[in-house]
Every structure is written in structure tokens, then in C-alpha cells.
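Subject: Structure handover

Hello,

Here is the structure you will be working from. Please have it open while you read the notes below.

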Amino acid sequence: MTEDNTGGRRLRSRDWFDNPDHLDMTALYLERFMNYGTTPEELRSGKPIIGIAQSGSDINPCNRHHLDLAKRVRDGIRDAGGIPIEFPTHPLFENCKRPTAALDRNLAYLGLVEILYGYPLDGVVLTTGCDKTTPSALMAASTVDIPAIVFSGGPMLDGWHDGDLVGSGTVIWRSRRKYAAGEISREEFLQSALDSAPSIGHCNTMGTASTMNAMAEALGISLTGCAAIPAPYRERGQMAYRTGRRAVELVQQNIKPSDILTRAAFLNAIRVNSAIGGSTNAQPHLAAMAKHAGVELYPDDWQTHGFDIPLLANVQPAGAYLGERFHRAGGVPAIMWELLQAGKLEGNCPSVTGKTMAENLEGRQSTDREVILPFDAPLKERAGFLVLKGNLFDFAIMKMSVISAGFRERYLSEPGKEGVFDGKAVVFDGSEDYHKRINDPDLNIDERTILVIRGAGPLGWPGSAEVVNMQPPDHLIKQGILSLPTIGDGRQSGTADSPSILNASPESAAGGGLAYVRSGDVIRIDFNNGRCDMLVEPEEIERRKADGIPAVPADATPWQMLYRRTVTQLSDGAVIEGAADFQKLAEKLPRH
Ligand code: FES
Ligand code: MG
């Protein structure tokens, strides 16, 4: 063992800071780090240089507290014998970036790849929180394959309004229905939303942020228990310190993402997603992360491995509670413990703790059975994603954990036709069209209508938008019909509780079947056989192809142009075509 505990391995940072063959370059690499007080002795000591990929800023409020938490990460890195270097990542603020933050996930990925590859870093702490900050960071860490560990910023405290729990995002979808029914005023709508955000942190529901941090933990790439600790809790700062320490040890032990992110780990993540009632956005994000990790993950894996898993987490939008109660009930480890006992988790998967998943989960049984239910007495059976295909698309998913008893009763229990629903399509081209026309009486929307939206995929939007959870027209809501079946080539918010058929691939703008459906067509959804078809003769579909694909907006920025030239479909993770050909970049040093 050398002084730096790497067992004699020369760390990549030494090629910059301690390179006798290139004294001139070493001098250049070193000198500017001195100007804020770093010493040449530190940088030339051979100690691991640990990057802190800082995703927090004023423009990403969900992650902003990482600016403070990074101090504890630094303490941990120093105490374990490493040297921290903090740098910013491209901001990804879900609620605010137009036309959608999804457009920027691949941009943030590209930026981080260049940093991790092109600078003298031996390992990295990936600070995560808001939806796409987790997948973009893990996609990049996989491409470069340097030792990496995820550190979540944690959710906000629970929100309360008028004595009720109000959760991020979910409150918006629920309040807008109440507003449409005339039950609440504009002021109350606004105030209930503001009350859902009582502290620093990311969304406190099991939306995409909490889901993706849970996925990181399920994959084994963050410390056990990291995902669910609320942002303001003292445990969050302690987790920061421990994560910093562990990042140094990962470099010393040369544990890389490729050692952890295996197919078995991704299948564990899919199962955990069902059990937590996780976001439908986990589908494209896990697909993208697997692609860059060089792991085969198939769209049907969601059905094969995830569908039969029961819902165990009683957390909004599929359940009742929010992040604080979930954490106190045991968080992600307690969910995984249930799955492990039931034989539904691969316990031998390695993790960044240096132990196997099964070892990490010892003694992690839940202490609050109202919030984390036992596997054999769950909140809902078979709560994963249903995978659908047919002449409208080759792939789409439906989140079964949010399908209400009322919806099941109304649409899926017709005597003699259980599980099959025929509805008349009303088709919208983009969300502006939907908002303009949804209350138009001439559309004759009733409870047998299927709402269809297209032009909302990666190419069409561009970026793929969370617009498929379309609300029924006001007159139906006033009658108590709070949701209709919806279909679209976009996504829906992870905080939504709508029974939507989502992520349809290929999208309309890529010439998928949705491009050729017309208002008035009958669409048959056959839940038992995983089919979704327009009941239109093939010859008629061929005739309609002559009309072309519905138009989508032109590129508005240079990145939109590049994004559209390179992006794949949601079934495939909406990654950059060809980017997954680049694997394990850190095995070779970049030229001077
Ligand atoms: Fe950032 Fe939900 S908007 S976490
Ligand atoms: Mg979202």
C-alpha cells in the first residue's frame, strides 16, 4: 500500500498534477488552483481528488441547499484523506424550464461527461434532487466510469393546508379539479399550492425527484437510507459527511459505477419503483441510465419484473402520506427489506457501501405499518406499470398504482367485457390545442371518451412534455367524473394521479400510429392482453398517411436543433443516438 491507500495504482489526477514528462503542462495545471489558497503540496500529494458535482443554485431551488451541504461533503472528503473540488452542473429545474426540463437532461449529461473526463478528477460525489438531476448525473458517471456516489438533497418537509397534508404537484392536480368543479376560489388554489412547499428540499411526494433518488439507492449507488431523509433534518448533513468520506474510499478501492450498475441492479430498481408507487418518468430515465452503463434493459422488463409487485408505500400520489412520514417509517431500505424477505429482490448486488444489498438491509424493517405496509398485506396488489402495444404505438406504459376503484368500476368491470374498454377518441395536437378546446361543447366529450394528445414526445415538443394527464372538461368534473382514460406520446408528472397511457413510442412526430388517429375513431384498450388499438382498417390508416404527420413547432434554439437530430424515443430512454457507444472513458487519459 502506498501512502494514498490505492495499493500502488496511479490515480488519473496525477497525470495533470505530477507528470515529470510534461513539466510545463504540470506547471500550467497547478498554478491557477493556487490562487485561492490551495497548495502544490496538497495537489501533488497523490491524495484522491474528489469532484463535487454541484447541482444547486438559485435557479434550481429544489437542489439549492446542496450549496450548504457541500461543506459537510468536503469535511468528509478531507477527513478520509481526499481533496474536494466543487464545480457546477447545468441547472435542471423541473417546474420552470420551458419548454420542458426534459430537453436539458441530455445537455446536462453531455456537460458532466466533459467535466468528469477532461479534468483531474479521481472520483465524484453527484449531488441530486430535482427530477432530472439524478439520471443526468448517473448517465454521465456511467459513460466516464470513474468512482461515483449519489448524494440526494432530500425532500421538503410535509406540507399542510387547512389541516390536510398537501404534497408537491399532487396538490395542483387535485386543486385544479376542485377549482373546475367550483369548489374552491383562485386564492385557495394558489395558497394550497404554496403551502405544499414549507422548507428547502425537492418535491415531498413520491414524484419523479423522490423516485429517482430512491432508484439511485435501489441501484446501490448511494449510501443506505440516503434518498428519503428530509432536506432540513440533521441526518441530511450527517449523510453528506459520510458520503464524502465514502467517495474517497471508493477511489482507494477502485469501485466504479460499472461494478454496481448491473442488469440485476436495474431489475431491483424496477421492483422498488412498483413498491413505492414511483414515477412513470423512471421508465425513460432508467432506460437511459442502463444504456450508458452498457446494460441491456428491455421495455418489457417493466411488465415482466415490475407489474406483479404490490404497492407498499402509502405516499402520495398513490397513497396518503408525504416524505417526512415515509422517512420516519424507514424509507427506501424498509421497502427493500420487504421485497428481500418476499424473495423479490436480488440481495447479492454490490453497492457503494462495499457490502451487498442484503447486508445493507439488515435490521431495516419498517416501524410504521400505516406508511410502509407488509408485502403480504399491501395497499394494492399488482401495482407496477402495465406495458401496452398495438397499432397506435409499439410501447406505452400505464401506472396501475394510481388507478382508482371508481375508474376500475366505470371502465374495466363491464359484465362480459372485463378489462376491455372501447372509447371514442378526441384528439389534441399539443397542449395549447387541448386548453383551447377541452370545454368546447361540440366535442361531445362524455364518460366514454378517450382523450388523446400528440406532438408531446422527444421530437415533437421538443423534449417530451408532462401533458398527458389531461383533465376532463368542466361539465364532467361537476358530475363527479374526475378522470377519463388518456393516451399520449408525452409523459405525465410523477406527482399526477391520472390513469394515463404514457410515453407512447414511436411518437407522432416520428411517424408513430398516433399521427394517424382521428377524432371520432374508436380506440380499444385491452388491459388483460396489453393491447391498445384504433379500430380502423389498415387500408384507411394507409390512406391517412398521405395527409402526413401533424406539424410540430420549429426549433427555437440551437440545442433544440441538435437535440432533435440526435434523440431516440422514450421507450429507449430518449438518449443521444450513438452516445452509448462511448463507454468507460476514464480507462484512457485525454491528451494534453
Ligand atoms: Fe424540483 Fe419537484 S420540481 S423536485
Ligand atoms: Mg416532472
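Two residues are in contact if their C-beta atoms, placed from the backbone, lie within 7 Å. By that rule, and leaving aside its neighbours within four places in sequence, Pro458 touches Gly463, Ser464, Glu507, Val567, Gln569, Leu570 and Ala574.

Before the rest, a word on the source. This is a predicted model, in which local features need pLDDT of at least 70 and side-chain atom pairs count only at pLDDT 80 or more, while totals for chains, interfaces and linings use all residues. Residues are numbered from 1 along each chain as its sequence is written, and chains are lettered from A and ligands numbered from 1 in the order in which they are written.

The whole protein

The protein has 22 helices and 14 strands; helices (H or I, at least four residues) and strands (E, at least two) are DSSP runs, numbered from the N terminus. Its radius of gyration is 24 Å, close to the 25 Å that the globule rule gives for 592 residues, so the protein is as compact as a globular protein of that length. That radius is taken over C-alpha atoms, and the globule rule is 2.2 Å times the number of residues to the power 0.38. The C-alpha trace spans about 75 × 55 × 45 Å along its principal axes.

A residue is called buried if 20 or more other C-beta atoms lie within 10 Å of its own, exposed if 12 or fewer, and partly exposed in between; C-beta atoms are placed from the backbone. Of the 592 residues, 56% are buried. Among contacts with a separation of 6 or more, 78% are between residues 24 or more positions apart.

Where is Pro458 in the chain? Pro458 sits in the loop between strand E10 (449-454) and helix H20 (474-478). Pro458 counts as buried because it has 33 C-beta neighbours inside 10 Å.

Another cis peptide bond joins Gln316 and Pro317, with omega about 10 degrees. Pro317 belongs to the loop between helix H14 (301-306) and H15.

Helix H16

Helix H16 (residues 331-341) is mostly covered, with 10 of its 11 residues buried. Among them are Val332, Ile335, Met336, Trp337 and Leu339. The buried residues of H16 pack against helix H9 (208-219), helix H12 (263-276), helix H15 (323-328) and helix H17 (357-360). After H16 comes Gly343, whose phi is positive, near 75 degrees.

Helix H6 and two of its partners

Helix H5 (residues 102-118) and helix H6 (residues 133-144) pack at an angle of about 40 degrees, with their axes 8 Å apart. Axes are lines fitted to C-alpha atoms, for helices over the stretch in contact, and angles run from 0 to 180 degrees between N-to-C directions. H5 and H6 are therefore oblique to each other: angles under 35 degrees count as roughly parallel, over 145 as roughly antiparallel, 65 to 115 as roughly perpendicular and the rest as oblique. By class, this contact of H5 with H6 has 12 nonpolar, two polar and one charged residues. Here Ala, Val, Leu, Ile, Met, Phe, Trp, Tyr, Cys and Pro count as nonpolar, Asp, Glu, Lys and Arg as charged, and the others, Gly among them, as polar.

The axes of H6 and helix H13 (residues 282-293) come within 8 Å and cross at roughly 10 degrees. That makes H6 roughly parallel to H13. The contact is made by Pro135, Leu138, Met139, Ser142 and Thr143 of H6, and by His285, Ala288, Met289, His292 and Ala293 of H13. It has six nonpolar, four polar and no charged residues.

Two asparagines with positive phi

Asn444 is not a glycine, yet its phi is positive, near 50 degrees. Asn444 lies in the loop between helix H19 (430-437) and E10. Asn503 is not a glycine either and has a positive phi of about 60 degrees; its place is in strand E12 (residues 500-505).

Asn503 is buried, because 30 do.

Regards
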